[in-house]
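Please look through the sequence and the model below before reading on. The briefing that follows takes the sheets, the helices and some backbone details in turn.

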Amino acid sequence: MKQGKRAISPEDRAIFWQALQTGMGLKECARMAGISYQTALAWNSKAKATAAQLDQAELAGLRAAKTGGGNALALNNINNKDMPPVVPNGRLSPRAQRGIEDFDYFRRVYLGRVPSPWQVDAAYKIVEMLDHPEKQFCVLNVPPGAGKSTLFHDVAVWQIVKNRHIRVMIGSVSQTLAKMYSRRIRETLERTVPLKPDPEMVKRGLAVDAEACLAIDYGRFKPQNLGALWRAEEFVVDQYAGEGLDNKEPTVSAYGIESEFIGHRADLCLFDDVASTENSKESVGRDKLLERWDAMAEARVDPGGLLAVIGQRLSPLDLYAHCLSKVSYDAEEDESYTGEDVKELGNEEPIKSHKYHHLIYKAYYEELDTGPASRKMTAPAWPEGPLLEPFRLSWKDLSYVKHNSPKKFRVVYQQEDLADGHYLIERVWATGGMGPDGVLYPGCIDKDRQPGHIPHNLAPPIISIATVDPSPTEFWGIQWWLYQPETNLRYLVDLARVKLTAEELLGYDTGSREYSGVMEEWQNRAMEMGYPISHWIVEVNAAQRFLLAHDFVRKWQALHSVSVIAHTTSRNKLDESLGIEALLPPLWRTGQVRLPTMSGSWKTLSLVDEMSSWTRGKKHGTDLVMAHWFAELHVPQMIQPVLPPKLWRPSWI
């Protein structure tokens, strides 16, 4: 009878690969695994050939990526079938065992991360909540750019490595984004060669070359069964030999907050970037988000599980504020409180506590600031230094935001919950002087200039524009501005805040063939003063049906060589880059807005009053602010590009 080859157990195969990863010789690895030296040579030779194939595939993939070609990362799974099976905890290598116990070590060895103190601190607090026998809820507020999404990815991977039976739900504002996060976790688990990060990141000290890969030290995660669930949006990792999952949910699943995930349960629910600028203010979108969060997201976590939502604060109305306002009723030690009405418990109110744990990490800790040396990019990070991430969130970038957008800095970067009454500007920015923050502001008032007068000796070029914020029933805001590109100063020449009709803005008498109205008067005045208005910016939400549709308006434009720009106000009013709060405050803070004197002038006073009392929720008395914003939003399109000087050359060339 012919004798067959000895069957090598999955455990022996795992021991061989683990020993080889530690740098031991082939003979020693073979002796530890109980296999022949020839078998070890064959396995190692095949591994080297596969590695060479991967290097060639990666090079080809990088070349193809430059031309829109394939993805080299997908080729890392070529040798997945040769990976060892799941390694029992009792047979893990010392390195793998330490990775389970030490999150910081795990990230550096297997993921190539450079330790970040706040991430390590947050990760252990999250794991501590996950080990609690009762449901736990957590809000984690971190400034943008600090690596919050990477933290959630690493925590999810670490928990899967520690417990292959865990069920993880990845959530985000959209299904596409959630799927991207899930795909990233899957690629990390199935990687068969140690990760090599961007050399530039390594050079800057933000990453290191990984020493090992998870699929070798802990056994493969991608099942060998061709019918196994292994998609980007959901997948099930390989289990121990003879074991299977006793629940219907996959190991990892991805859902957008708008998706239907009724019935899905999970032990660890991680929601990243669910709040956005659109669903963080009074709107139907915000109401819908909060309703789905209360009814669906919070109900998905199983007893003993954890739901954590991470992101930067956006406004007092965002999802994080909604979660942090919730309270829970703690049962007494004898568990006498069962949720009945308080009156039935002898008028004794049950103990209240916050439902959500709140983890806050600010970009800048002023109390730890000891001078310029502590704010350098090479200085220690929090909690030793004042900066959370000295390199990723440098003081140079933070100080710019702090000075030009104080509200954004306090909310988005410092995670402060400002009240709705936060005004657009401080009055001292307009009048000048020492502000409550200790800054000496230059002011915006030209005390020697009256409304309707133009400053002397303005160097050309000068852009002359007028803006109109109409209203069918309320006051209109009309302004005339001169913009000087060379100095980046804008001069308010005149303004009007009156109730008008369509004909009073611009009318035409067919009998006399003469134009009338504010636009005609201001246009003629500007021509007489030597600065003819080249553009009229008119909001069309209310004016389009009576202004821009008339033929006489087009003839008036041709007569005066003027353009009428139809402006439409929508959600762009609160845009982070082009909205009112983004464009106007920096100009007033630095004195780039020049106004006529306030002495005896209601016009300048009315604009300053509106600017210093404007809030997002204000419904009336904002017409002058809106007209001012129209000018700043459209003036960049009117600046003529500076052409290079024309060089002289002989006519015969």
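Two strands are said to pair if DSSP finds at least two bridges between them, and strands (E, at least two residues) and helices (H or I, at least four residues) are DSSP runs numbered from the N terminus. This is a predicted model, in which local features need pLDDT of at least 70, side-chain atom pairs count only at pLDDT 80 or more, and totals for chains, interfaces and linings use all residues. Residues are numbered from 1 along each chain as its sequence is written, and side-chain values use heavy atoms, with hydrogens and water left out.

**The sheet that includes strand 12**
- Seven strands form an open sheet with mixed pairing, in the order 12-20-15-14-13-18-19, and its edge strands, strand 12 (445-446) and strand 19 (563-567), each pair on one side only.
- Strand 12 runs parallel to strand 20 (residues 593-596) and is joined to strand 20 by two bridges, with Leu595 of strand 20 as the bridge partner of Ile445.
- Helix 21 (residues 602-613) lies across strands 12, 14, 15 and 20, at about 100 degrees to strand 15, where axes are lines fitted to C-alpha atoms (for helices over the stretch in contact, meaning heavy atoms within 4.5 Å) and angles run from 0 to 180 degrees between N-to-C directions.

**The sheet that includes strand 3**
- Another open sheet of seven strands, also with mixed pairing, has the order 3-4-2-5-6-1-9; strand 3 (234-235) and strand 9 (356-360) each have a single partner strand, so one side of each is left without a neighbour in the sheet.
- Strand 3 pairs with strand 4 (residues 252-256) in the antiparallel sense over two bridges, and Phe235 stands opposite Val252 in strand 4.
- Helix 11 (residues 284-297) packs on this sheet and touches strands 5, 6 and 9, its direction making about 155 degrees with that of strand 6.

**Helix 8**
- Among the buried residues of helix 8 are Tyr181, Ile185 and Leu189, where buried means under 20% relative accessible area, exposed over 50% and partly exposed in between (1.4 Å probe, protein chains only).

**Backbone details in loops**
- The peptide bond from Trp382 to Pro383 is cis, with omega near 10 degrees, and Pro383 is found in the loop between strand 9 and helix 13 (395-404).
- Ser561 is not a glycine, yet has a positive phi of about 55 degrees, and Ser561 is exposed, with a relative accessible area of 65%.
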